[in-house]
Amino acid sequence: MVMSVLRQGSRGDAVKKLQKCLNDKAKTNPKITEDGIFGQGTARAVKAFQQKNHLIADGVVGPKTWNALLAAAESSEPQSNRGPRAALAEIAAKYVGVTETGNNLAGDSKALLAIFQADDLVINGKTDGYPWCAAFVSFCVQKLFKSSPHFGGLTAPREASVSRFLNIWAKQQGCVVFPPSSSSFSPQKGDIVVFTFSHIGIVERVNGAVISTIEGNTNDAGSREGTLVARKRRSKSLVRAFIRVPVSTMYMDARLNELVRVC
């Protein structure tokens, strides 16, 4: 199986697939020999890839490294709606137009109340009354995990804080986190986007340096302290990081088999 944990001394088709993925999708330079033998050259290439992508550079290819390699492989493919993560944007789109009553209050909106209840923050016995962009993304990710078998083993976020979403939840779940300047990864539909101004949303499409998003707690001016769920167009220059949720090993295995052919 391609998802085996591999390390120096491993042999076989899984190693050959790893080597081909490093060469063709992760753009290893210099290229390594695709011989199915995990030797010193392959170990160096793995460690370089891990270090470049903020993983523990131990040369061991486990789930987090496989997930990052899949993200790199998918980034080299034409954009499409395929893949289970794309459904996150479709879930978010159903809530475009949901509006608060002002002052971050849900009022009589059942949808907005459900969004506020998707995180664990309670203030003076109330679940609303604070900025809710992270709660909206948490809400959508929870629905994604419940509706798809491809995210088994992950814990859905319940975050009211953008910082905690990025620095705690994403790291705990083994998400691929990458900057807009990344040479390994490119944003895709269904990725989560964290902005430089303490705001968060969901990528719907990418067109060069412009990303189309769905965001909670915004307004016509694109504020991070607005009143509704809305579609926005943002420059990549405003992006701090993208978050790509990992998929199950079964899906990862099938997708890598599709993207990386071993002769």
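Me: How many helices and strands does the secondary structure of the protein come to?

Reply: This is a predicted model, in which local features need pLDDT of at least 70, side-chain atom pairs count only at pLDDT 80 or more, and totals for chains, interfaces and linings use all residues. Residues are numbered from 1 along each chain as its sequence is written, and side-chain values use heavy atoms, without hydrogens and water. Helices (H or I, at least four residues) and strands (E, at least two) are DSSP runs, numbered from the N terminus. The protein has 8 helices and 6 strands, in the order α-α-α-α-α-α-α-β-β-β-β-β-β-α from the N terminus.

Me: Which residues have the most contacts inside the largest nonpolar core?

Reply: In soluble globular proteins, nonpolar side chains tend to be buried together. A nonpolar core is a set of buried (under 20% relative accessible area, 1.4 Å probe, protein chains only) Ala, Val, Leu, Ile, Met, Phe, Trp, Tyr and Cys residues joined through side-chain atoms within 4.5 Å. Here the largest core has 76 residues, with Leu18, Leu22, Phe136, Ile192 and Ile200 having the most contacts inside it. Helix α6 (residues 133-147) supplies the largest share of this core, 10 residues.

Me: Which residues lie nearest the centre of the largest pocket?

Reply: Rolling a probe the size of a water molecule over the atoms shows where empty space is left. Asn53, His54, Leu55, Lys64 and Cys175 lie nearest the centre, among 24 lining residues (an atom within 4 Å of a pocket grid point). Helix α3 gives the largest share of the lining, 5 residues.

Definitions and conventions:
Buried < 20%, exposed > 50% of the residue type's maximum accessible area, 1.4 Å probe, protein only. 1 Å grid on protein atoms, 1.4 Å probe; cavity = no way out; pocket = protein on both sides within 12 Å on 5 of 7 lines; lining within 4 Å.
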